[in-house]
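Let's walk through this one together, with the sequence and the 3D view side by side.

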Amino acid sequence: MIKMNELTKVYKDFDLNISMEIAPGSVVGLIGKNGAGKSTTIKAILGLIRPTSGKIEVLGKDPMDFSAKDREEIGACLADSGFSRMFYVKDVIAVLKKMYKDFDEEFFRARCKEQGLPLDKAIGDFSTGMKAKLRVLTAISHKAKLLILDEPTSGLDVMARNDILDMLRAYMAEDEERSMLISSHISTDLEGLCDEIYMISNGRLVLHEDTDILLGKYGIIKLSEEEYAKLDKNYIVSAKKQPYGYDCLTNEKAFYMENYPTTAIENSNIDSIIILMLGGEHTDVKEESRS
Amino acid sequence: MHVIINNSSMIPVYEQLVEQIRQQIMLGELKEGEGLPSVRSFAAELKISALTVKKAYDKLEEDGLVITVHGKGTYVAATDTGLAAEARRRAAEEDLSLAVSKARLAGLDNDEIREILEMILEEE
């Protein structure tokens, strides 16, 4: 669905260099701090910016060469996109009907009703949650093959986030060939949805792993200074100094549970992995053990 | 099909899935030829990644418990009744050995344990 090879985009104070692949039928999550390059990546995929170098292919084409018909295959939801404040949902329906050959009006109306989006109220008067739901609904209502969502749940309460995630899950379950790329700050949203996670930092890819492995095999080991010194560091990805010693991120927690049965080992989640991978003074364990 | 995932367990989610489905097949709650939910819909229902579900189905297939027909779905395979009986026997053995270790903790000797077992058997 998407192939990106050494794609770069150079700005005055920031540059992106990233490779990624999204297979048909998969849900891929993009995480990273603010300003890491998530939105730039998404804009490149949609053909909204011209890459400086590298190759990008979306649905078998360079996004810069997309025709209007190609764009119909993609459902997009960007953070600052939306309809005019003066529009009513019924106006949105009229626009979508004209824009997308496969727009499913019945589906759209049914979801609006279900999600409590009134047809005859100006969008300007919608709550943040209602606007976000409308954006997502717009992206999933025309049977797109590929969904690109930039922070669709940002700034929403837990119930609204859950409603949106359920809509996205239903969209994926409907057709097994559909793919989705979603970025979010809220990593729990991605844990229950994505098959793979790409973590980017300062425009570079720092981690690419199946969600299943991140949650099932990664773990956090808490150690005192002495224990840390004696630890077999073969499966330690990163370590961070703490007042009591070290927190270590492992990609083989089972190994340490077996060989260090008295050590404190916790399940990791994406948040704790971000903190250990990107957080302040992190120790490059591999460098250390080599020297 | 009812499966309960414990997200804070140290056991990886896909193993939890494999174990629970395996048990339901072994105990005959899932019958031969019965279809399992599609990967995506099961993932949506359990709020886990589809890859996790796929991995679990692959493992079950490897163990000969289910068959995946490409483009159609995953079905419970004909269970070897001998194998199922063996599994039930093993489960019973495990429970008994657990009971024995509890009895040891309580300071009971072999004769006392046998006595209790005899008593339970007679009561039945």
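Where in chain B is confidence lowest, and where is it highest? Helix 4 (residues 81-105) of chain B has the lowest, at a mean of 83, and helix 3 of chain B has the highest, at 92. The score here is pLDDT, the predictor's confidence in each residue, from 0 to 100. Helices are DSSP runs of H or I with at least four residues, strands are runs of E with at least two, and both are numbered from the N terminus. Chain B as a whole has a mean pLDDT of 88, with 98% of its residues at 70 or more. For the complex, the predictor gives an ipTM of 0.72 and a pTM of 0.80.

A word on the ground rules. This is a predicted model, in which local features need pLDDT of at least 70, side-chain atom pairs count only at pLDDT 80 or more, and totals for chains, interfaces and linings use all residues. Residues are numbered from 1 along each chain as its sequence is written, while chains are lettered from A and ligands numbered from 1 in the order in which they are written.

Now for where the chains meet. The contact draws 16 residues from chain A and 15 residues from chain B, where two residues touch if their C-beta atoms, placed from the backbone, lie within 7 Å. On the chain B side, helix 1 (13-26), helix 2 (39-46) and helix 3 (50-62) each give two or more residues. Helix 3 of chain B gives the most, with four residues.

Over in chain A, take helix 4 (residues 105-114), whose buried residues are A:F108, A:R111 and A:C112. Buried means 20 or more other C-beta atoms within 10 Å of the residue's own, exposed means 12 or fewer, and partly exposed is in between, with C-beta atoms placed from the backbone. Seen down the axis of helix 4 of chain A, the buried residues fall within an arc of 105 degrees, so they line one face of the helix. The arc is that of the directions from the helix axis to the C-beta atoms. Helix 3 (89-99), helix 5 (128-140) and helix 6 (158-174) of chain A are among what covers them. The face turned away carries the exposed residues A:E106, A:A110, A:K113 and A:E114. Just after helix 4 of chain A, A:G116 takes a positive phi of about 70 degrees.

A:E6, in strand 1 (residues 2-10) of chain A, is not a glycine, yet its phi is positive, near 50 degrees. A:E6 counts as exposed because it has 12 C-beta neighbours inside 10 Å.
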